[in-house]
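Please read this note with the model open beside you. Take the points in order and find each residue as you go.

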Amino acid sequence: MPVEVILPKVDMDMTHGTLAVWHVAEGQAVTKGAALFDIETDKAAMEVEAPASGTLHHIAAASGDKVAVGSIVAWIYAPGETVVARPASGAAAATPVMTAVSAPVAAPMAAEPEPEADDAAIRATPAARALAQSRGIALSDVQGTGPLGRVQRDDVAGAGHASTYGDWSPQSGPLHISRRNGTGTPIVLIHGLTADSQSWAPLEKALGPQQTLIRIDLPGHGRSPRRQLRSFADLARMMVEAFDDVTRDAGPVHLVGHSLGGALALAISDIRPRRVASLTLIAPAGFGPEIDGAALNGITRASRVESLAPWLRRLTATSDGISDDYAMAAMKLRTDPALRAVQAAMADALFPDGVQSFDLSAALGRVAAPTCVIWGRQDHILPFRQALAVTGDFAIHLLAGAGHVPQIECPDRVARIMARHLAASGMPEG
């Protein structure tokens, strides 16, 4: 008899989960213990392993479908086993739960609008299609945030949200990834809000030229496309896709993130634990509600160096940590109003009213990879005491005389901590 693939329970309160993405297609061979699909809930995300080896058939739930816990989402046939129409089972096959959509009352004799010709070829959930049709929105004008760019209902509901912060349009395409070739286990670097991959330069120099580095630019940062998002979960999905691209043919990597990038690195480690050899979090977000919302708002919206410089100086332990020349160089990278608008929209979605809207404390407790947290004692953006309230097996390094960006303020100290941490993980370095 074929083996049933069941949607598991990720957390105690879970009744349904969203099947985020399949790693194996219908008719493909699978190996027991290999990644089969990803499941997401409001509280967690995880990779589900194949319960047996064989061939995957009868997929009953597509990417993006919300499915009840315990439902059968597919069957795995053993080699040589005859494939039947659908095996009999005492458990119910998955039935996707659709989001209810209230359609406006049509005027008498008014014909229903026909969908755009191109919309049929666009990946979208049924709920998203229904809402787009009721509002007269072309799906081709909506940036999808679901798996593989699938348009979801929230994407349609929020269409036009970007105009609140300025004139910018969502862009398609993969996130920008840059590499520095070297030896040893690669280090994957994820920067924070309003920064880009160039911000790692001081730490890269301190780490030495021999280390292999992979940098990922956040959406709307550096050379990555501008994307619309509604929540941290949306952003995490985008980053997992980029992480999968750079690690698909590689072994486990060292993952390093700063601030918002630290929160994303932690989320990736929680979803892709087998691909992470070690985790380094530098002043990470996600461990408490408190954050300097005024500084975030000031940096994202500043349109000239005179308004940007005072807020940048909040990033370092003392105000003289940011020179006038540094502020001028930073402003040159922020002259595009569309870039400022998309980052302001992102800040509002992730930190509404100057509060961290997501909590990753439980995820840190689940991380299996060797983990260390590096935090400046004079951090004015995210207080280091947030890390002290989290339960988990990780080391905390509190650096005196450092603020929110210790990788820039004291890169040599951070590099020495990282070198010891990476060596202790048991992975050979360059």
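The points below cover a strand, the core, a helix and the salt bridges.

1. Ground rules. This is a predicted model: local features need pLDDT of at least 70, side-chain atom pairs count only at pLDDT 80 or more, and totals for chains, interfaces and linings use all residues. Residues are numbered from 1 along each chain as its sequence is written, and side-chain values use heavy atoms, with hydrogens and water left out.

2. Strand β12. Start with residues 253–258, which form strand β12. Helices (H or I, at least four residues) and strands (E, at least two) are DSSP runs, numbered from the N terminus. In β12, 6 of 6 residues are buried. Buried means under 20% relative accessible area, exposed over 50%, and partly exposed in between (1.4 Å probe, protein chains only). Val253, Leu255 and Gly257 are on one side of the strand, with His254, Val256 and His258 on the other. Both faces are covered.

3. Neighbours of β12. Which strands pair with β12? Strand β10 (residues 183–190) does, in the parallel sense, over 4 bridges. Strand β13 (residues 276–282) also runs parallel to β12, and 6 bridges join them. Two strands count as paired if DSSP finds at least two bridges between them. Look for isoleucine 187 opposite histidine 254. Then find valine 256, whose bridge partner in β13 is threonine 280.

4. The crossover. β12, α5 and β13 make a right-handed β-α-β unit. Right-handed means that, with the strands pointing away from the viewer, the path from the first strand over the helix to the second runs clockwise.

5. The core. The largest nonpolar core has 65 residues. Such a core is a set of buried Ala, Val, Leu, Ile, Met, Phe, Trp, Tyr and Cys residues joined through side-chain atoms within 4.5 Å. Phe232 and Leu260 have the most contacts inside this core. Helix α4 gives the most to it, with 9 residues. Beyond its neighbours within four places in sequence, phenylalanine 232 is in contact (heavy atoms within 4.5 Å) with residues including Leu260, Leu350 and Phe358.

6. Helix α7. Which residues of α7 (residues 305–312) are buried? They are Leu308, Ala309 and Leu312. They lie on the same side of α7, because they cover an arc of only 100° around the axis. The arc is that of the directions from the helix axis to the C-beta atoms. These buried residues pack against α6 (293–301) and α8 (324–332).

7. Salt bridges. The whole structure has 12 salt bridges. Each has a side-chain nitrogen of Lys or Arg within 4 Å of a carboxyl oxygen of Asp or Glu. Arginine 237 and aspartate 234 form one, at 2.3 Å from N to O. They sit 3 residues apart in helix α4 (residues 232–247), so about one helical turn separates them.

8. A bridge between helices. Arginine 366 and aspartate 270 also meet in a salt bridge, at 2.6 Å from N to O. Arginine 366 lies in helix α10 and aspartate 270 in helix α5, so the pair ties together parts that are 96 residues apart in sequence. Arginine 366 is partly exposed at 43% relative accessibility. Aspartate 270 is buried, at 16%. Elsewhere, salt bridges with shared partners join Asp38, Asp244, Arg272 and Arg275 into one network.
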